[in-house]
Amino acid sequence: MRAALYARVSSEEQVEGYSIDAQRRAFKTLVEGRGWTIHREYVEEGKSARTENINKRPVFKEAIADGLDRRYDILVVHKVDRFSRKLRITLEYFDKLGKAEVGFVSIIEQMDFSTPWGKFTLSMLGGLAELYSDNLSQETKKGWHERRKQGLYCGTLPFGATKNADGI
């Protein structure tokens, strides 16, 4: 089996963190444990999975295209929400990969998504990923709105500006 990894982090700040390294390490452990070969690691740094326009996610688009061309046999993600945070995208591209006979494995969820229960679970996980993302956006907007009402600065501080101990 030729396995490909799709790894992603949402923000530029996370690129410098440990998330990509952890995703890669878990992928290599899984591949070695199952006796698969590594085809390629598709790593998308600083890209949100909330979009329905996959052109905004060029590495994701390339990983899908390579799967549809049967360049690998199984696509591995660390968690389903690394694949997408939009249920429609999750289901659409999972279906396309399935029709191309490309398997799909999530390391954390440890599910076989080719079974009826696996497909049901995938739809639930995809829905939860979208719910989490939408709710986080709503809560963030609420926090920024409240900061504005309190007269606090919202956004990146201009060059040379500093905050005092009260955050003002």
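Phe 94 counts as buried in this predicted model, because its relative accessibility is 15% (buried means under 20% relative accessible area, exposed over 50% and partly exposed in between, with a 1.4 Å probe and protein chains only). Phe 104, at 7% relative accessibility, counts as buried too. Residues are numbered from 1 along each chain as its sequence is written, and side-chain values use heavy atoms, with hydrogens and water left out. As the model is predicted, local features need pLDDT of at least 70 and side-chain atom pairs count only at pLDDT 80 or more, whereas totals for chains, interfaces and linings use all residues.

The structure holds 6 aromatic pairs (rings of Phe, Tyr and Trp, the last by its six-membered ring, pair if their centres lie within 6.5 Å; planes under 30 degrees apart count as stacked, over 60 as edge-to-face and the rest as tilted). In one of these, the ring centres of Tyr 6 and Phe 60 are 5.5 Å apart with the planes at 75°, so the pair is edge-to-face. Tyr 6 belongs to strand β1 and Phe 60 to helix α3, so this pair ties together parts that are 54 residues apart in sequence (helices, H or I of at least four residues, and strands, E of at least two, are DSSP runs numbered from the N terminus). Both Tyr 6 and Phe 60 are buried. Phe 94 and Phe 104 also form an edge-to-face pair, at 5.6 Å centre to centre and 80° between the planes. Phe 94 lies in helix α5 and Phe 104 in strand β4 (residues 103–106), so parts that are 10 residues apart in sequence are tied together. Ring pairs link Tyr 6, Phe 60, Phe 83, Tyr 93, Phe 94 and Phe 104 into a cluster.

The largest nonpolar core has 21 residues, and those with the most contacts inside it include Tyr 6, Phe 60 and Phe 104 (such a core is a set of buried Ala, Val, Leu, Ile, Met, Phe, Trp, Tyr and Cys residues joined through side-chain atoms within 4.5 Å). At least two residues of this core come from each of β1 (2–8), α3 (58–68), β3 (74–77), α4 (80–83) and α5 (87–99). A second, separate core of 14 residues includes Val 9, Ile 20, Leu 30 and Trp 36.

Arg 85 lies in the loop between α4 and α5 and is buried, with a relative accessible area of 10%.
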